[in-house]
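Here's a quick briefing for anyone meeting this structure for the first time. Take a look at it below, then read on.

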Amino acid sequence: MTKSALVELYQQACKLLKKGDVLQAQVKFNQIKKIEPNYRSVNYFLARCKADLDGPADDVYDLLAKHLATNTAKNRVAAYQLGLKIALQAQDKAKFEQILQQAKKEQITGLAKFERAFKQLDAKKQLRLKFKFIQFAKSKTPIAQTSAPKYRAYKFFINGMTPVQKQSFTDGKWHEFAVTTPKALEFKGYMACTIKDERKYYRKFLPDLPDAFLRKMFNDYLEEDEFFKTKWEKSRVFSLLQVPVFERHKIAELLELNGLLDETARRHLQGCEDLVELKKAGECLPLSEANKFKELELLQDFGYICAKNCGQTIHLADKCQFERDFKRALQKKSRKKLPFKHPAATYRPTREQLSFMQWIAQNKALVVNLLGVGGSGKTHTLGQILDPSKTLALAPTHKARLNLAQHGFYHNDTLQHVIYELENGNESVITDYEVVILDEVSMAPLELLAKLVTSATVGVRYLLVGDEKQLPPVTQDEDALSVCGDALELIKAYGSCFYFRANLRCKNQALNKFIWACRTKDPANLTTSMAFQTATVKEMLNDKFKHQALEECMILAYRNHTVGLINQQFYRLLAQNKPHVPFYFQNGFGRGGFFVGAQVVFYHNDDNYQNYGYTNSEFGKVTALNLVENEDKSTVTVETEVKKYVLPLSRARKDLFLAYALTIHKAQGSGANKVYVLEADDYGLAYTAVSRTKQELYFVKMTREMLLDALQKETPRKQNISLEHK
C-alpha cells in the first residue's frame, strides 16, 4: 500500500470512529496495524475501539502500552485516561495504581477525577452472593433465597441464568454467583438481580468478540453444543451461522476482525448467498437449477438444505418437515370437545354466523379454520360462543392481540412469544387450555404454525382465523434459514374450513360493495362505482393532523420510502421547538424523528434474548427523551396500551418508527373510520388497503386504472413443496 493510500485509510478509520461506527473503524485500524504496527496513533485508536465495544481489558492495556512506548506526544494524555477508566470499570486496583503512577511520572494532567473515583473503588467491588433455589416462576425465572445477612428477608428473582445453570441450580445446595446490585420489586418481600457472565468459552473461537451480549449468547450456545469444535473445523462460517445471534453480515465482520476471513471462509460466505437467493426464489427451486448453487454439497452436509430432494426440489431442510407436520395436523381428528358457552342474551347472530355455530358444534377436526372477509365478525362470534377461561387467544401482532382482548379473550399473547416459551420447555403456556385461537393467520409463517400445532400433548384443539385474501407473511430474505411457506394454501387444500362473506365493519353500503368488488376482482363494479373517491395530498395531511388517532384516520402506502416521506412531514410540523431525534432515511426507511408526543409503532418483534418485550405492530406514544452527549446512554421512553419501554436510542432507531403513515402490511389487523391509500402494487396490497376502512375511503395520487391494474397483479408468495411426491 502506498503512503498516500495508508494516510487515506487512517483518515477514513478516524472518521468512522468519530461517527460512532466503531466496528467498521476497528476493521480499518486493524488493516493499518498489519501494514505498519505503530503507525501514528493506530494502537491508541484500536484500544478505544475495543473499549467502546466492551472488549477484554487486557487487550486494551496491551494496545495502550504499545502506543505509549512510541514516545509520541499525540493522544498521550487520552491514552493514560483511557487506561485508568478501563481499570476502574474492571475494578482492577493493581492495574489502576500502576497506570496512575506511570502517568504521574510523566506529569500527565487531569488525573484528579480518577483518583477520586479510585477512593470509591472498594465500595463498587463486584457483588458476589450465595443463593439456594426455592422454585421457578411461571416465566421459568428461578426464585431463590440468599445467605447474605443484608438480604435474608427477601426472595430473589435471578435473571440471566443459562439453561445449564438453571439445571445445576435446582440441586438444593448453595451456589455463589457474581450479580448486579439487587433491586426491590413492586411486590413486597421480593428483589431481583442478574447473573454476570464470567464464562470464557468464546475465546477459543472468536477471542476478539466485542459485544458483551454476543459473548453471552455465544457462551450459551457453546455450553449446549458439544460438537461445535468439529463443525468449526469443517467451516467457520456455517458453524457460526447456527448460532441464533450471528447474522450473515455480522459473521463476515467478526471473522475479519479476528483475522479468520481466509479464502475458504469467503467461499462459504458465498454459500450463505446461495441460501438468500433460494429464499428470494420462493424457498423452492427445481433440481434442474442446482447449477445456480456454488456450495450446494456443503449446504447439504451442514443440514441447511434437504439432502433428500423432496418433491424433486431444492429447499431448506426444515421446510419439508414443517409442511408434513402442518398437513398432518390439518387432517387429524380430535375427540376433545370445544369449550362452548351460551352466548349473551343480547347477541343476535347473522344467518352466516348461525350457520357457522351449527357447523363448528359438529366439527371433529383437531385444527378448525374460520376464514373470510375482514370485518365479518369472525372474532366477535368466537368471543360469544367460547369459554374464555379455557381459551388461549394468540395473534402475530400486538394490534391483533388487543383486538382479541376486546372480544373477551383475557388469556391472550403473541404467537412469537408462545413459540419462544414452548421452545424453552414451558409447555404449560398451551396445555393449561382446551383450545388455542390464532387470529390473523394469513400473517403467520408456516414454521411458527407447524411448531404451534405440534407442540402440545393430547387435549388441545386449534382454531385458525383470518382473511385468506389478505397479504402473506412478511419475510426477510436475508433471514435465510427461516421457513415462511404458504400456510393458507395448505389450509385450503387439506383443512376443515368455514368461510364468512359479509363485511359488517364497513357501514357505508356503497363502499361495502366496492370492497367486495376489489376482493372478487369485479371490473364491472370497479369501473363504475361512485365509491371510488380521490383526495389531494394537502387534504390528506390536514385531515390526519386533525385526527391523529389511528382508529380515526389512516394513511397507507406499500413502499417504506413513501411512508417515510409522509412521516417526515409530520416530524417537521410537530417537532418544532421541542427536543427531538433527527429524522433521516437509511436503506429506504424513514428512521428516527422522535419527540415527546410522537405517534410511533414497532416494526419488528423484540429479539427474544433482549427482554424488552415489544411486539411487531405495537402502537404507542413517545413520553420521554433522555438525549445526552454520549449517544450510547441516550434513551427513548415509549408507552403503549399495555406497557412502558425505556429503549436505548440505538434500539429505537432500529425497531421504532413514526406512525402517522403506515405500510399496508403494518395496517393488517387494524381499521379506521377514514382511510387514505397512496399506492398499491398488487392484489394483496390493494385489497388489504381498501378493506381497512369503516366509513370513508380516498385514493391519493392513484387513479381508478392504477387500482384495476394492481388488482390484476398476483401477490408474490413463497412456494410449498409438492407433498404428493414424498
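Which domains does the domain assignment give the chain? There's domain 1 (3-123), domain 2 (128-194), domain 3 (201-315), domain 4 (326-500) and domain 5 (509-712), with bounds that come from an automatic or database domain assignment. Before going further: this is a predicted model, where local features need pLDDT of at least 70, side-chain atom pairs count only at pLDDT 80 or more, and totals for chains, interfaces and linings use all residues. Residues are numbered from 1 along each chain as its sequence is written, and side-chain values use heavy atoms, leaving out hydrogens and water.

**Domains**
- Between the C-alpha centres of domain 3 and domain 5 there's a gap of 36 Å.

**Aromatic rings**
- The structure has 41 aromatic pairs (rings of Phe, Tyr and Trp, its six-membered ring, with centres within 6.5 Å; planes under 30 degrees apart are stacked, over 60 edge-to-face, the rest tilted).
- Phenylalanine 169 and phenylalanine 177 make an edge-to-face pair, because their ring centres are 5.7 Å apart and their planes sit at 70°.
- Both phenylalanine 169 and phenylalanine 177 are buried (under 20% relative accessible area, with exposed over 50% and partly exposed in between, using a 1.4 Å probe and protein chains only).
- Phenylalanine 514 and phenylalanine 699 are also edge-to-face, since their ring centres are 6.4 Å apart and their planes are at 70°.
- Phenylalanine 514 is in helix α23 (residues 509-520) and phenylalanine 699 in strand β25 (residues 693-699), so this pair ties together parts 185 residues apart in sequence. Helices (H or I, at least four residues) and strands (E, at least two) are DSSP runs, numbered from the N terminus.
- Phenylalanine 514 counts as buried at 0% relative accessibility, and phenylalanine 699 does at 1%.
- One aromatic cluster is formed by Phe205, Phe218, Tyr221, Phe228, Trp232 and Phe246.

**Lysines over rings**
- Lysine 95 lies over the face of tyrosine 61, 4.8 Å from the ring centre (NZ of Lys or CZ of Arg within 6 Å of the ring centre and within 35 degrees of the ring normal).
- Lysine 521 lies over the face of tyrosine 683, at 4.9 Å from the ring centre.

- Strand β15 (residues 553-557) pairs with β23 in the parallel sense over two bridges, and alanine 557 stands opposite threonine 663 in β23.

Methods
Two strands pair if DSSP finds at least two bridges between them.
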